[in-house]
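Hi everyone, thanks for making the time.

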Amino acid sequence: MITINYSEIEDQLILPYQLLKIAIFEETKHLFEELPNLIEKWRIEAYQMTQDEVRNQYPPNGMSPSFKALYFFLTEGLYFQKHITKFMIKEAVLRYWETMIITVSSYLYNEFPEEVNPSLNEKTIDQTIDQDYLLTSMDNDYHMIRNIVAKKKEFKERGAGQLAADLIDNKGNFRGMAELRPTQTTHITLKEDQEDLWMRLIDSAYNALDEWTADVFDLITYLWLVSPKNNEGYIEFHSNDALRLRQTQDSEENARELIIRERDRFNIMKRVVALSSMWVSLSDGKVITQEDKQYDFQDFKRMFDIGALRVAYDKNTGEAQGIYALQIKPTDILAPLINASSQMIGLLHIKVFQYSHQTQKEHKRLLRYIDRQWKMRIRLKSKLTQPFKISTLLKEMDIPIRYNWSDKKDKLENVLDDFKTDGVIKNWEYKERFDETVVGKKGWYKNWMNYSIIIHPTDNLLEDYKKHVELPSPAIIDQTILEKMHQMSPENTLLRTEEARFFSSSKSVMKETASTVETANVIKKTLMTANHTHHDQKEIFKTEQQAFDFDVKEETKLSPEVMDQMINHLNMSIRQAAKEMGIAHTTLSRYLKKENKRQNNNNDQKMLNWLKDKSKQTI
């Protein structure tokens with residue numbers, strides 16, 4: 001294996017094949033820092049040269065498929081027929097890191113089956129937690145379908161053991177039907193040891209219809225909106241994605257310390273399977289009369305398609321333990337309702353995931369309704385503080401019939417108080433003065449139900465809507481890059497076909513197409529011959545160590561720039577530095593990128609103390 005000091009390679013040096021492999025590894029490894037087996041395998045691939053590589057200056061047949069895919073993404077995709085420098089690779093990682101992750105992710109299922117714990121959506125979930133809101137569709141049909149997956153009691157036997165439910169819109173009109181068909185869930189090919197896991201999930205599909213399933217429905221559609229996907233439209237959904245959003249955290253430092261039992265993962269995945277077991281037939285916007293309800297719908301379509309699975313295996317016995325992640329996408333009956341170019345995309349508060357699906361159902365239902373109403377009012381330029389009828393709020397909450405009217409009043413007011421405490425709303429108040437002394441008297445609730453309540457949105461929600469709900473544009477490759485990928489030599493036909501699968505072709509989700517990375521400072525040198533010996537290469541590098549000076553007379557001040565400089569000087573990873581500071585590595589990462597929306601004095605003090613301590617050691 002070659003011994004090279006990567007930091008000594010100049011940014012503008014045109015890289016021969018041997019150094020190009022190393023640069024690709026070194027500049028992308030931080031994207032996969034939680035996949036140690038992948039990183040170690042890539043390290044070996046990058047720093048060793050086989051006889052075939054020395055002779056052909058080209059990736060050999062036995063190279064790691066994931067590393068080879070990354071190599072061709074850069075050399076045949078972004079920089080086709082160009083001399084590549086270290087600086088150009090850095091620029092590519094900054095622009096296309098999401099596409100690089102999705103390119104590699106599709107290989108994890110076969111190449112690294114043991115790498116099942118990390119979620120490929122980790123950065124997206126970090127950002128979602130930080131901003132308090134996720135994007136969702138406020139479309140009427142989407143809302144109607146999302147509601148039905150939470151209402152197990154609506155499904156009745158229809159025909160030979162089929163379970164079906166009517167789809168009723170917000171005006172009470174019959175609009176179609178939903179059927180639960182667990183045995184028609186997916187067409188994927190399962191290994192023998194995976195079939196038992198899958199059948200257990202299928203058997204529990206009906207019992208999984210609840211408010212938690214509605215949460216998972218929202219999360220999957222959100223990830224489909226903002227995540228890179230392959231050309232078949234699949235994204236990866238990991239059980240960690242839902243569990244992290246659902247778990248209420250006492251502090252940001254503990255936000256990453258998930259205590260997850262296999263039962264928790266099973267509960268998440270059985271809800272995903274329940275969603276993929278749901279088939280829907282809609283009336284294309286038409287209201288169906290009572291007579292038409294007898295019509296036998298023929299155009300039922302599955303809501304979600306399932307692709308490959310990521311299964312955890314016991315390291316000692318080799319037995320399949322559970323499904324940690326899977327590929328999923330909405331079908332064409334659902335995709336138009338969550339199209340990112342739609343004017344119906346709105347914001348849903350993350351707290352909806354943290355309210356209990358067992359004891360706080362009313363919180364979840366009312367929060368979804370209020371957030372949807374604010375989106376509608378903004379879209380129609382209505383007054384945000386337009387009062388809500390109490391009767392309407394009670395209908396949305398769907399409080400059990402066993403509650404008497406005094407209890408229903410208390411429930412509504414307590415939920416609104418919780419919303420205020422949790423930062424979901426700014427405040428609430430009765431529009432009209434209500435005489436509390438009448439509560440409990442005969443017929444008192446008939447007047448109370450006709451009262452109205454004013455609910456004030458938070459400043460954060462208004463700020464986000466001022467940005468017009470600008471959707472994140474996942475990094476995708478320009479169509480010209482796809483064309484260049486098809487120009488690869490015939491001997492790589494198989495690889496070319498495999499590579500092309502991972503590039504997103506979904507134009508509806510993207511507002512912009514990322515352009516090919518161009519570097520203004522590419523030095524016009526002839527491509528160095530690729531068979532330099534290790535001693536020859538040593539002479540190419542300039543040893544230029546940056547000085548890192550601290551003035552001991554000046555007080556150490558905390559800033560992202562100073563922190564980044566110190567971490568780089570110490571040659572530490574963000575995770576290692578964060579561990580020493582006693583904060584979450586995602587917190588430190590967001591601080592370095594200046595992405596934290598709220599200042600945390602406690603975290604700032606920990607970072608400053610660490611910085612001062614390291615400064616003293618550096619002097």
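Let's begin at Trp444, which is buried at 8% relative accessibility; buried here means under 20% relative accessible area, exposed over 50%, and partly exposed in between, with a 1.4 Å probe and protein chains only. A quick word on the source: this is a predicted model, where local features need pLDDT of at least 70, side-chain atom pairs count only at pLDDT 80 or more, and totals for chains, interfaces and linings use all residues. Residues are numbered from 1 along each chain as its sequence is written, and side-chain values use heavy atoms, with hydrogens and water left out.

Helices (H or I, at least four residues) and strands (E, at least two) are DSSP runs, numbered from the N terminus. Trp448 is buried too, with a relative accessible area of 0%.

How many aromatic pairs does the structure hold? There are 17 of them. Rings of Phe, Tyr and Trp (its six-membered ring) pair if their centres lie within 6.5 Å; planes under 30 degrees apart count as stacked, over 60 as edge-to-face and the rest as tilted. One of these pairs is Tyr355 with Phe419, tilted, at 6.0 Å centre to centre and 40° between the planes. Tyr355 lies in the loop between α12 (351–354) and α13 (361–379), while Phe419 belongs to helix α15 (residues 405–421), so this pair ties together parts that are 64 residues apart in sequence. Both partners are hidden: Tyr355 is buried at 3%, and Phe419 is buried at 0% relative accessibility. The rings of Trp444 and Trp448 also make a tilted pair, with centres 5.7 Å apart and planes at 45°. Elsewhere, ring pairs link Tyr17, Tyr58, Tyr71 and Phe72 into a cluster.

Two rings have a charge sitting over them, meaning NZ of Lys or CZ of Arg within 6 Å of the ring centre and within 35 degrees of the ring normal. The charged end of Arg181 sits over the ring of Trp279, 4.7 Å from its centre. Lys329 has its charged end over the ring of Tyr234, with 4.7 Å to the ring centre.

A nonpolar core is a set of buried Ala, Val, Leu, Ile, Met, Phe, Trp, Tyr and Cys residues joined through side-chain atoms within 4.5 Å. The largest one has 96 residues, and Trp198, Phe237, Met303, Leu366, Leu412 and Phe419 touch the most other members. Helix α9 (residues 211–226) gives the largest share of this core, 11 residues. Another core lies apart from it, with 39 residues, among them Leu13, Leu19, Leu31 and Leu78.

On to the strands, which pair if DSSP finds at least two bridges between them. Is strand β1 (residues 133–137) enclosed or open? Five of its five residues are buried, so β1 is largely enclosed by the rest of the structure. Tyr133, Leu135 and Ser137 cover one side and Leu134 and Thr136 the other, all of them buried. In a regular strand the side chains alternate between the two faces of the sheet. Five bridges join β1 to the antiparallel strand β10 (residues 345–349), where Ile345 stands opposite Ser137.

There is also an open sheet of five strands in the order β2-β3-β4-β6-β7, with antiparallel pairing. β2 (156–158) and β7 (301–302) stand at its edges with a single partner strand each, so one side of each is left without a neighbour in the sheet. Strand β6 (residues 278–282) runs antiparallel to β7, joined by two bridges, and Val280 has Lys301 as its bridge partner in β7.

A three-stranded open sheet, also antiparallel, has the order β11-β13-β12. Its edges are β11 (388–389) and β12 (427–430), each with a single partner strand, so one side of each is left without a neighbour in the sheet. Lys389 stands opposite Ser452 in β13.

Finally, Asp210, in the loop between α8 (192–203) and α9, is buried at 15% relative accessibility. Its C-alpha atom is 9.1 Å from that of Lys361, 151 residues apart along the chain.
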